[in-house]
Amino acid sequence: MIDNSYLLGLFTGTTVTPSNAAATALAQAKKQPTPPWSTTTKPPEQSALLRAALGGRDFINEGNAQLDVKGASADYKKLFALYQGLESMNALVNRAATKGVSALELTQLNKRFAAGMAEVSKWLPSADLDAIRLVQGTSATTSKTTAAVARDSAISVTGPIHEGSPDSLSPAFAGEVQFSISVKKSDNSVVEVAIDLDEMGTTSRTLTNVLEHINGKLEDAGLETRIGRELVKPEPKTITTGGKTITLPAGPDQFALVVRGSTTEKVSFVPAQSADAVYVVQKSGTAGGLQMLKFQSDTGGAAPAPIAGVGETQWVEGRASQTALPEGVETVRASATGPDGSVWMVADLTAGPDNQPIKGQKDVALIKLDSAGRVVMTQALGAASTASGYAIAVDENGRVAVAGSVTGALDGGKTGDVANVADSFVSVFDADGQEVWTQRRGARAADEATSVSFGPDGMVYVAGRSQSAMAGAVGVGGWDGYLQAFSETQAHKYAPIVATATGTVQFGTSGTDGVDAVAVDGNNLYSAGIEDGRIVVRQFTLEAGGKPVLAATRDLGEASGEISGLAIVDGKVVLSGTTRNAALDVGTVTTAHHGGKDAFIAVIDGSLTASADDRLTYVGGEGDDSAADMKILDGKVWLTGVANRPEGAKDTDPTRAYLTRVDATTGAVEWRQEWDGDGAQAAPLTLAVASGGASVLDRLGLPQGEIDQSQSKTLVNATSLRVGDRFYVSPADGGRSVAVTIEARDTLQTLARKIEQASNMKLKVTVSSESAKDGEPGDLATALKTGLQRLSITARDGVKGAVLTSGETGRDALAGLGLSQGYIGKTSGDDVTATFGLGLPTNLNLGSASAIATAGEKLQAAMKVIRDAYRGLSPEANKPAVTGQAPAYLQAQLANYQAALARLTG
């Protein structure tokens, strides 16, 4: 018997109960097997999933996937197996996110999660699905690198220097404003143009008039270079008060200077008068934003006094500028100035600049700023997992060395002896910031490089601490201090420079020891650190070949604090730090301890024997003072830190910063300034000094020296990529993958050709250019206003392209390029294999709370993609039911069927 209500229900959406015959028809119509996420299937217990995930068995097991439709495609079994594998990995994520999970258990969970990710990456390319295509990354018709290479530019933009109408008087131009513009032409001739605003006479010094005066001088000299202005349009600000959001009106217009040069003219700025400059990197505000502050000293010359800059906060007398450091910079632990007056700093990055993504969770970057505080370059180390930078040194030729620790792979995908244990590293860069060599030297247990210095004959010395024996040395016990020497060789002038470890010394006690600072003076090297709770200074003689040999040791007493700096001045060792010890063993005390924790400056003889000339100066107040960093300029000690905090103060309590200059021989404080930070939080981190680095140019946002118009175009210098990083290109329908490997001289152009060749010309790769964007309020000040170039990848025929797959862990080039692995080509349509991208980055991990949250989000999204792929296998079976009133002709047909059925059944 036929139940006509079933037929009618197909069109009316009425809930019906079909007859036996109709039920049989429905069963026969079923085309897809029941998926594991179906509501009719009992979901597995989370505890069972967790036990299975931790049991060490495969996450993806096609044998466990059950199909309840006879003859169903094998694609279903593979989809279900993958889904169940991701469910097990998600159980690991859920457990890791549980409050109270121990560090040991979290390590185990992270290890198994990493094994699951590796299994997924290996399984997907070999899954060999028939009806659909499934890729780990994305699925798109076009893929573009987020990493970009800056184009050459002759346009340089300052920070805002004027506020209000360009026809109003500007404080930046008040008083004695004298400098020269030096222009070197392509024929190597140099034209000097002297600028003296006194020559304007009674003409008001508005922005418009000053620029007209300067450009008239440049035109009279026959130069193409001009100085213009750029509007920085302010935006309305919002504040929340009393639970309500209030929008404040935008402030007045701001203007920056624009140096519009020419490719045939190199422009330099030279002040008529200069003074010494001091740079302080600090954390400011409750959010911990990083800033670089520039101060003008009362030494080194008679430059005009600095003024508060446009938009700057918490200004104090003597401060020449305030610059925000790039977003993504987590901290800065060391900084130094170069011979050209630029500032170098070693920073930890949790995220690179927009055009320079990092490959791992945290990387080290070498950042160069000009004397105006504008970012000239950022060079990432390229660590595959995590790295931290602790030390920096600059030699008289402008070479830069940075040192720190790295966990996971660095060069060639190689990790240390133990993959998840930190190793020491040192990298040397030339004066342009291009990497010359990197050495990773680790022990079996954890170690880190905390100090670095250049020595005679190009030697590089690295010091730090280690929990076991370093290569070529013997461990003492606990954490030991160590010192390593590196020499350089070069087969010929075109060959790469090779660094070789030439000597290692390990020392300390059975307790906790380390080295906090080193300094080289001729053939002597000095180290200072805390050894078993005491301040210890060591002297090493440097033998032929640079090998260090211990010559003398001096114990200065109980530390109760930290070491912040070490320098050698006229054969004297100058040491700084903080201590609660009011009686350090240094001899004559010029200024007594003030109570709490004081900063200190100790001056001792270079032989490390007690001398009548030894001096000890305590710096501070009744509360706790810190010494974040110390530098020496013209024999005087510059010190910065936090001033006079009450003992027991909380981290959220106000902190006030200080900068001081001290005569370490007499203990006299010659100069001192204190300031607050935004939100009453100011905490200096590092210090750098430059002889003659401050001038009236700081008011104008202009740097001293030449404006470099070009930047390196090689990918290893412009991005976080390292030589040997790679990824793979494989045919869209499966087949042998071809590696694309990064070489030292690769540019975007050479990489584009490599990708096309690896895809057997299935992909079309072009270098796309983007124009420089106009400045906006709050933008980071950069030395050049440049456009960018990126790679754009499409299918050459517009249909079937290829699949990009990440390189091995530790050497994945896709991460450094900012490219997602996955399929590039047409993803849907007639005669096109439907492609689904899981969107699972290869660097997912459970290493932190934010990483756990990200992993959970990505897994859930990937599981949804699998559900979409399931529907994609049989689109007809998943069309929505037809609802609403049936058309008149169908109603008439149904009425006839009803009458016929009535006659048949009597």
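View 1. At 43% relative accessibility, Lys-864 counts as partly exposed. Asp-868 is also partly exposed, at 23%. Buried here means under 20% relative accessible area, exposed over 50%, and partly exposed in between, with a 1.4 Å probe and protein chains only. A salt bridge is a side-chain nitrogen of Lys or Arg within 4 Å of a carboxyl oxygen of Asp or Glu. An α-helix has 3.6 residues a turn, so residues three or four places apart point the same way. The model is predicted: local features need pLDDT of at least 70, side-chain atom pairs count only at pLDDT 80 or more, and totals for chains, interfaces and linings use all residues. Residues are numbered from 1 along each chain as its sequence is written, and side-chain values use heavy atoms, with hydrogens and water left out.

**View 2. Lys-294 and Asp-698 form a buried salt bridge.** Their N to O distance is 2.7 Å. The pair links distant parts of the chain, 404 residues apart. Lys-294 belongs to strand E14 (residues 289-296), and Asp-698 to helix H7 (residues 697-700). Helices (H or I, at least four residues) and strands (E, at least two) are DSSP runs, numbered from the N terminus. Both residues of the pair are buried. The structure holds 39 salt bridges.

**View 3. Arg-534 and Asp-555 bridge two strands.** The closest N and O atoms of this salt bridge are 2.7 Å apart. Arg-534 is in strand E30 (residues 534-542), and Asp-555 is in strand E31 (residues 548-558). The two residues are 21 residues apart. Arg-534 is partly exposed, with a relative accessible area of 35%. Asp-555 is partly exposed at 33%.

**View 4. Salt bridges link four residues in a network.** The members are Asp-298, Lys-636, Arg-661 and Glu-670.

View 5. H3 spans residues 46-54, and its buried residues are Leu-49, Leu-50 and Ala-53. Just after H3, Gly-56 takes a positive phi of about 90°.

**View 6. Helices H3 and H4 cross.** Their axes come within 8 Å and cross at roughly 100°. The two helices are therefore roughly perpendicular, a label for angles of 65 to 115 degrees. On the H3 side, the contact includes Gln-46 and Leu-54. On the H4 side, Glu-87, Ala-91 and Arg-95 are among the residues involved. Contact means heavy atoms within 4.5 Å.

**View 7. Four strands make an open antiparallel sheet.** The order is E20-E21-E22-E23. Strands E20 (386-394) and E23 (435-441) stand at the edges with a single partner strand each, so one side of each lacks a neighbour in the sheet. Neighbouring strands are turned by 20° against each other on average, direction ignored. E20 pairs with strand E21 (residues 400-407) over 8 bridges. Two strands pair if DSSP finds at least two bridges between them. Ala-393 stands opposite Ala-401 in E21.

Terms used:
Axes are lines fitted to C-alpha atoms, for helices over the stretch in contact, and angles run from 0 to 180 degrees between N-to-C directions. Angles under 35 degrees count as roughly parallel, over 145 as roughly antiparallel, 65 to 115 as roughly perpendicular and the rest as oblique.
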